[in-house]
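These are my notebook entries on one structure.

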Amino acid sequence: MYSTPVAAPWGNRCSAAPDDILQAASSTHRPSSRTRGKASPSSHFGRRENPHRSDGQPMWRPRVPYQAYMCDRDALRRHLQDGSTGAIPLDCAPQRRLLSLLCSFFAALAIVPAYADTLSAVQVLRAGGCGGVLPAAQPVHHNRLLDRAAEQWAAGLPAEVAAKRSGYEVQTASGVHISGPEASTIQLLRRSACRTVTSQGLQDIGVYHRGLDTWLVMASAYAVPTRSRAPASAEEALRLVNEVRARGTRCGERSFGPAPPMRLSGTLAGVALGHASDMAEHNYFEHVDQAGRSPADRVRAVGYREKLVGENIAYGPQSVEEVVQGWLDSPGHCENIMDPRFAEMGLGYAAGQAARRGLFWVQLLAAPRV
């Protein structure tokens, strides 16, 4: 929101212990007809085999993890020839330690495609830098507002617009759309969206599923700039203003040639901050304050001797770049910025309260008396 300008004059799988794994591995399993000949979905270390005897009938063998052969092959062979069942009495403490390590390692790799959801896939990719090709990033936080944004993005809205409409105070947002079974989520994300899902600047995430399609909206929340950043913000605004003044521009129907550069005034910055804070505290948006004072009145009240005063105000922009561009896009505000008579400038901003929680901006322009 930009006011009418005032110008002159004042204008997360391997939970079993090794003993448990070996006990389970030594048991003979004959699958049901529905699973016979298929890979066992519950085994991480091998698959169910279906060898045939000379009479053509299937012969079922116990499933044994590969790690068991590393312990005592003779004991294992006697066990199988006797046809006994139960635990295999093997002395393989070192292998158990190795099994534990391998278990932990493969859990990190296997958990996502087999069991975890989209959020876990994103976390694994961020922690590993998308397989080591990018820098690792901190975990993202699930945000229910962004779940709604992801649903709206699936309906056709741009990701950033959808985030704003969902009520999320967005600074920046990016969307990712993948299609395929959940077990392939991490592979799909790695292939198509590594840079987005591992972006250091995106801290929050929302997800929406429909059939085999998944939409993700990742975003960072807008943070109101602190008062300590005010001097740097003013310097940036001055740079942007003087760049335009140096080359000249068109303000609506009027063309302006180059104008001399302006300089910052601490006095004008204090007055601008005071008016921005007053509007934020009392929830109004006017050049004349609640005491009836104009911009020129406020400048004079602090002892500033002026020949000409102008003021631009705005509500809602989130950055210096955005607010200055907004003023330049408005003919009246642009004319204030391009007026060659103005030599000094002050900038202030304050965060709103109650219904208006955005930023109030004030730019004061003046020609001081010599």
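I began with burial: a residue is buried at under 20% relative accessible area, exposed at over 50%, and partly exposed in between (1.4 Å probe, protein chains only). I worked on a predicted model, in which local features need pLDDT of at least 70, side-chain atom pairs count only at pLDDT 80 or more, and totals for chains, interfaces and linings use all residues. Residues are numbered from 1 along each chain as its sequence is written, and side-chain values use heavy atoms, with hydrogens and water left out.

**Entry 1: S265**

Is S265 buried or exposed? I found a relative accessible area of 8%, so S265 is buried. I placed S265 in the loop between β7 and α11 (266–282); helices (H or I, at least four residues) and strands (E, at least two) are DSSP runs, numbered from the N terminus. I then listed the contacts of S265, a contact being heavy atoms within 4.5 Å. Neighbours within four places in sequence aside, S265 touches Y304, E344, M345 and G346. A polar atom of the S265 side chain also lies 3.1 Å from the backbone nitrogen of L268.

**Entry 2: strand β9**

I next examined strand β9, residues 344–351. Seven of its eight residues are buried, so β9 is largely enclosed by the rest of the structure. Which strands pair with β9? I noted the rule that two strands pair if DSSP finds at least two bridges between them. Strand β7 (residues 263–264) pairs with β9 in the parallel sense over two bridges, and R263 stands opposite E344. Strand β10 (residues 359–368) runs antiparallel to β9, joined by eight bridges. In that pairing, G346 stands opposite L364 of β10.

**Entry 3: a sheet of four strands**

I traced an open sheet with the order β1-β3-β4-β2 and mixed pairing. Its edge strands are β1 (141–142) and β2 (170–179), each of which pairs on one side only. Strands β3 (residues 204–210) and β4 (residues 213–221) run antiparallel and are joined by seven bridges. Within this pair, I205 stands opposite M218. Helix α6 (residues 144–154) packs on the sheet and touches β1, β2, β3 and β4. The direction of α6 makes about 45° with that of β3; axes are lines fitted to C-alpha atoms, for helices over the stretch in contact, and angles run from 0 to 180 degrees between N-to-C directions.

**Entry 4: disulfides**

A disulfide is a covalent bond between the sulfur atoms of two cysteines. The rule I applied was a pair of cysteine sulfur atoms within 2.5 Å. How many disulfides does this rule give? I counted two.

One of them joins C130 and C194, with sulfur atoms 1.6 Å apart. The torsion about its S-S bond is about -65°, so this disulfide is left-handed. C130 lies in helix α5 (residues 129–132) and C194 in helix α9 (residues 194–197), so the pair ties together parts that are 64 residues apart in sequence. C130 is buried at 3% relative accessibility, and C194 is buried at 13%.

C251 and C334 also form a disulfide, with sulfur atoms 2.0 Å apart. Their link is left-handed, with -55° about the S-S bond. It connects distant parts of the chain, 83 residues apart: C251 is in strand β5 (residues 249–251) and C334 is in helix α14 (residues 331–338). C251 is buried at 1% relative accessibility, and C334 is buried with a relative accessible area of 1%.

Definitions and conventions: Polar contact = N/O pair within 3.5 Å; in protein donor to acceptor, adjacent residues only side chain to side chain.
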